[in-house]
Amino acid sequence: MEREQRKSVVAEKKGRKIVVTGPYNAGKSTFVRALCRDSVSIDTEGTTVVMDYGQRRYQEMDVALFGTPGQSRFNYMIDAIAKGADGFILVVDSSFPDSWPYAIIILNEIAKAGKRPYAVAANKQDLDNAYPPEEVKRILSITRPVIGTIALTGENCEKVLETLMKEIA
Ligand SMILES: Nc1nc2c(ncn2[C@@H]2O[C@H](COP(=O)(O)OP(=O)(O)OP(=O)(O)O)[C@@H](O)[C@H]2O)c(=O)[nH]1
Ligand SMILES: [Mg+2]
């Protein structure tokens with residue numbers, strides 16, 4: 001009995017792992033920085049070569065955010081980073097539809113690895129040529145929430161996290 005109680009306390013304190021992924025240059029690293037005051041990124045000349053890492057509290061929980069590299073030559077990192085994730089944030093550049101087919105490939109990869117919740121950030125909404133989030137959702141046939149964000153200023157990034165955390169619980 002005592003042991004059971006101890007186990008449940010541990011379970012309550014368990015943190016959550018969220019993976020921020022998406023095509024090259026979508027704004028993943030900026031997104032992790034926007035959500036976590038405490039973050040590091042391993043990059044060269046502005047592109048992520050290993051991963052981003054940030055940690056923070058969300059309500060009573062510790063949350064760790066891992067950003068994947070976007071360039072395909074670092075794809076071998078993605079499976080390792082995604083292992084054990086409780087949920088995903090897919091970041092897409094709303095102003096650059098050429099990158100969207102790759103976003104779908106990433107979603108399919110996530111789905112293959114098991115059913116886990118995700119939310120989509122239709123990023124760079126500040127740019128004149130950005131597609132609105134509803135259009136991104138429709139064109140990519142996404143059934144989950146798609147939220148317009150500006151990672152540069154942090155706009156709506158918290159909302160994306162909140163939406164995902166509600167599903168993870
Ligand atoms: N205008 C605008 N630019 C953004 C926004 N978010 C990110 N950027 C810019 O987009 C570029 C790429 O941002 P990163 O956060 O490095 O993107 P990434 O997805 O981590 O890139 P990789 O790691 O190379 O795949 C940078 O110049 C950012 O300043 C945004 O919301 N609006
Ligand atoms: Mg990056």
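Trainee: Which helix or strand gives the most to the shell around ligand 1?
Mentor: H2 gives the most, with 3 residues, where helices (H or I, at least four residues) and strands (E, at least two) are DSSP runs numbered from the N terminus. This is a predicted model, in which local features need pLDDT of at least 70, side-chain atom pairs count only at pLDDT 80 or more, and totals for chains, interfaces and linings use all residues. Residues are numbered from 1 along each chain as its sequence is written, while chains are lettered from A and ligands numbered from 1 in the order in which they are written.

Trainee: And which residues come nearest to ligand 1?
Mentor: Gly27, Ser29, Thr30, Thr48 and Gly70, out of 20 residues around ligand 1 (C-beta atom, placed from the backbone, within 6 Å). Helix H2 (28-35) and strand E3 (47-58) each supply at least two residues of that shell.

Trainee: Switching to the sheet, what's the strand order?
Mentor: The sheet is open, with 7 strands in the order E2-E3-E4-E1-E5-E6-E7 and mixed pairing, a pair needing at least two DSSP bridges.

Trainee: Which strands stand at the edges?
Mentor: Strand E2 (38-44) and E7, each with a single partner strand, so one side of each has no neighbour in the sheet.

Trainee: How do E3 and E4 pair?
Mentor: In the antiparallel sense, over 7 bridges, and Arg56 stands opposite Val63 in E4.

Trainee: Back to H2, which strands does H2 touch?
Mentor: H2 packs on the sheet, touching E1, E2, E3, E4, E5 and E6, with contact meaning C-beta atoms, placed from the backbone, within 7 Å. The direction of H2 makes about 20° with that of E3, from axes fitted to C-alpha atoms, for helices over the stretch in contact, with angles from 0 to 180 degrees between N-to-C directions.

Note on methods:
Contact = placed C-beta atoms within 7 Å.
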